[in-house]
Amino acid sequence: MFDELSQRFEDAVKNLRGQGTISETNVDGALKEVRRALLEADVSLPVVKDFVAEVRRKALGAEVVRGISPDQKFIQVVHEQLVDTMGGENAPLAAGGKPGAPSVVLMAGLQGAGKTTATAKLGLHLKDQGRKALLVGADVYRPAAIEQLKTLGGQIGVEVFSLGTEAKPEAIAAAGIEKAKAEGFDTVLVDTAGRLQIDQSMMEEMVRIREACSPDEVLLVVDSMIGQEAAELTRAFHEQVGITGAVLTKLDGDSRGGAALSIRKVSGAPIKFIGTGEKVEALQPFHPERMASRILG
Ligand code: GDP
């Protein structure tokens with residue numbers, strides 16, 4: 001892995017090679033390259049600034065031991081800082097803690113981010129683990145979202161509950177949870193309505209749904225292609241609704257995934273899953289190590 005990174009940073013860390021240590025005078029070129037790589041990967045600017053400052057601090061304080069050269073040490077510091085910033089380990093879905101009650105997962109995000117798809121993907125993921133999920137269609141805003149969820153549910157053999165588009169989303173969510181309790185479902189995945197951009201009525205609706213169903217998880221679904229905007233989006237959802245995790249979608253595209261760094265840094269909430277295609281099977285647990293390599297390119 002370090003070999004791959006070394007390749008990319010070869011020129012930038014050249015001036016560290018042959019030096020006894022990493023110092024104020026020789027670290028700037030390498031830091032500039034880190035900054036460039038992160039901006040190219042669409043990490044938001046304030047997040048990049050903090051990140052580079054932290055790498056600088058750690059690199060200057062780093063002890064360069066025998067057998068590892070300053071340039072390798074620098075790359076190691078960058079890599080570790082990326083992994084740490086993204087949470088280190090994979091964070092699993094919360095199991096829920098109330099005896100006799102299903103675990104409730106609220107899916108949030110903008111229209112088109114991949115919420116409905118991710119809801120079905122998670123339903124299949126849980127089914128594969130032997131769990132029994134109920135998908136709840138509370139997206140009464142986007143035409144055909146509920147039909148889409150029903151179609152996907154049919155494909156994966158996971159039941160879908162809805163009350164049509166006339167009912168209030170919070171009432172649909174609450175009724176779905178009652179059904180799940182009565183019929184022994186262990187998890188309820190609630191698909192909610194997004195909007196094309198951050199919108200006050202969407203946030204208020206999310207808060208009403210959250211209050212109606214006390215979720216164990218609020219997962220923000222983010223399209224990785226929105227790049228730098230992921231920071232503002234995450235901030236808005238986190239401040240107004242409160243998120244416990246995220247799903248980063250469309251990583252099968254050519255985005256470098258910098259949104260992952262911004263989401264975690266802005267909210268402190270871990271990215272739990274990534275979407276890697278349109279198919280219902282295309283969901284994977286998020287691994288900070290792998291994303292670090294992708295972000296650095
Ligand atoms: P929603 O409005 O947030 O519910 O978004 P949808 O679930 O309807 O997804 C919007 C579009 O993105 C659909 O065409 C999906 O097939 C597509 N999509 C969702 N997730 C992924 C993904 O991980 N990769 C790709 N390539 N497409 C995705």
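Predicted model: local features only at pLDDT ≥ 70, side-chain atom pairs only at ≥ 80, totals over all residues.
The space taken by the ligand is the largest pocket.

Around the ligand stand 17 residues. G112, K115, T116, T117 and D252 come nearest. By class, the shell holds 9 polar residues, 6 charged ones and 2 nonpolar ones. Which element gives the most to this shell? Helix α5 does, with 4 residues. That helix spans residues 115–128.

Now look at individual atoms. G112 uses its backbone: one of its polar backbone atoms lies 2.7 Å from an oxygen atom of the ligand. R142 and E278 use their side chains. In R142, a side-chain N or O atom is 3.1 Å from a ligand oxygen. In E278, an N or O atom of the side chain is 3.0 Å from an oxygen atom of the ligand. How much of the ligand does the protein cover? On its own, the ligand has 580 Å² of accessible area, and the protein covers 81% of that.

Step back to the whole chain. Its secondary structure comes to 11 helices and 8 strands. Along the principal axes, the C-alpha atoms fill a box of roughly 70 × 40 × 30 Å.

Key
Residues numbered from 1 in each chain as written. Heavy atoms only, no water. Near = heavy atom within 4 Å. Polar contact = N/O pair within 3.5 Å; in protein donor to acceptor, adjacent residues only side chain to side chain. Areas by Shrake-Rupley, 256 points an atom, 1.4 Å probe, with all protein chains shown as cover. 1 Å grid on protein atoms, 1.4 Å probe; cavity = no way out; pocket = protein on both sides within 12 Å on 5 of 7 lines; lining within 4 Å. Sits in = over half its atoms within 2 Å of the grid points. Helix = DSSP H or I, 4+ residues; strand = E, 2+ residues; numbered from the N terminus. Nonpolar A, V, L, I, M, F, W, Y, C, P; charged D, E, K, R; others polar.
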